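User: Hi! Could you walk me through this model when you have a minute?

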Amino acid sequence: MGNDGGSIPDRRDLVRTKAKAEQADKANQTRAKWFFCALSKRPLQDPIVSCALGKLYNKDSILEYLLDKAAYGDGERICGHIRSLKDVKTLKLTPNPSMPPSVSLDLTSRSPFVCPLNLKEMNGVQPFVYISTCGCVFSQAGLKTVVSASSTAKEKNQSSSESEPSPEPELEICPQCATKFSLKEDVVMLNPSPEEEARMREKMELQRSKEPKKSKKRKNVSSSDEPEAPAKKKALPTMHSSIAAASRAALAMEEAKRKATMSDAVKSLYGDGKSSRNETFMTRGTFTRYA
Ligand SMILES: [Zn+2]
């Protein structure tokens, strides 16, 4: 220890350089994890995906890796658990409204993304999660606040009609896109701690060990085993179909307007003009000339 007469302390014992270096290293690692693709180490850029272990990647890097597993030297170590695009989810991230888009990531410690619920930046200070059914990304605290508020409301509803338990008691609704998800199963921690990552890996392996059976089941039992999956997606298609109907109507109006203002020359090209048959020797019989 020094200073007890038994040994002479030198600079290493008195100056805390190592701790500082470790701190700087940790900050760099945090930046690397949250701002850069875990595989290619390039700045994260839309579309961004995440895996069952909550790592962040650029989707194009993952595609490159899946096409050629040797594309990145340590690809197998980083994402050997990704077997196909089905093992990753494209994330819906909220751009940071207070960050100018032109700022280079290398020069700033500001995150380009925030939690849409509490506007906290996604920079590694706050834990962030994504929902594996829809890919929306929230800060853990923001999601907890919203979900606990909605579930207490639900409990009140349930206590008023206790004879009729809801069919999916555990499912919550995504506060951003209204997709249903299970708070227990579908919330994935982004860039988890090593201990948390070990737990997530266990969960992933457990789920995968069930997979081959699942595909067999799907063939045999189609009606009783599946109600959960369609239910999760129900919210979106209904929204989409109404949007689709609206846009179809808008398109039809556009088309009518376009036809009304179409010039005669253009009309003749489309075949409803009367003077459409002005062939010359150049165009006449083009298709049969060599027959
Ligand atoms: Zn969502």
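Analyst: Happy to; we can start with the whole chain and then go into the details.

Analyst: This is a predicted model, where local features need pLDDT of at least 70, side-chain atom pairs count only at pLDDT 80 or more, and totals for chains, interfaces and linings use all residues. Residues are numbered from 1 along each chain as its sequence is written, and side-chain values use heavy atoms, with hydrogens and water left out.

User: Great. How many helices and strands does the protein chain have?

Analyst: The protein chain has nine helices and ten strands. Both are DSSP runs numbered from the N terminus: helices are H or I with at least four residues, strands are E with at least two.

User: And how much of the chain is buried?

Analyst: Buried residues are 26% of the 291 in the protein chain. Buried means under 20% relative accessible area (1.4 Å probe, protein chains only).

User: What about the nonpolar core, which residues have the most contacts inside it?

Analyst: In the largest nonpolar core, with 43 residues, those are L39, Y57, M122 and L190. Strand 6 (residues 128–131) gives the most to this core, with four residues. Such a core is a set of buried Ala, Val, Leu, Ile, Met, Phe, Trp, Tyr and Cys residues joined through side-chain atoms within 4.5 Å.

User: Let's stay with M122. What does M122 touch?

Analyst: Not counting residues up to four places away in sequence, M122 touches W34, F35, L56, L93, S111, F113, V114, F128, V137 and L190. Contact means heavy atoms within 4.5 Å.

User: S111 is on that list. Where is the place of S111?

Analyst: S111 is in the loop between strand 4 (94–95) and strand 5 (113–114). S111 is buried, with a relative accessible area of 0%. Leaving out residues up to four places away in sequence, its contacts include F35, N96, M99 and E121.

User: And L93, buried or exposed?

Analyst: L93 is buried, with a relative accessible area of 17%. L93 is in the loop between strand 3 and strand 4. Beyond its neighbours within four places in sequence, L93 is in contact with I48, F113, M122 and V137. L93 and C136 are 43 residues apart in sequence, with 6.5 Å from C-alpha to C-alpha.

User: Last one: which residues of helix 3 are buried?

Analyst: In helix 3 (residues 59–67), the buried residues are S61, I62 and Y65.

User: Why are they on the same side of helix 3?

Analyst: They cover an arc of only 100° around the axis, which puts them on the same side of helix 3. The arc is that of the directions from the helix axis to the C-beta atoms. These buried residues pack against strand 1 (48–50), strand 2 (56–58) and helix 4 (75–79).

Technical notes: Buried < 20%, exposed > 50% of the residue type's maximum accessible area, 1.4 Å probe, protein only.
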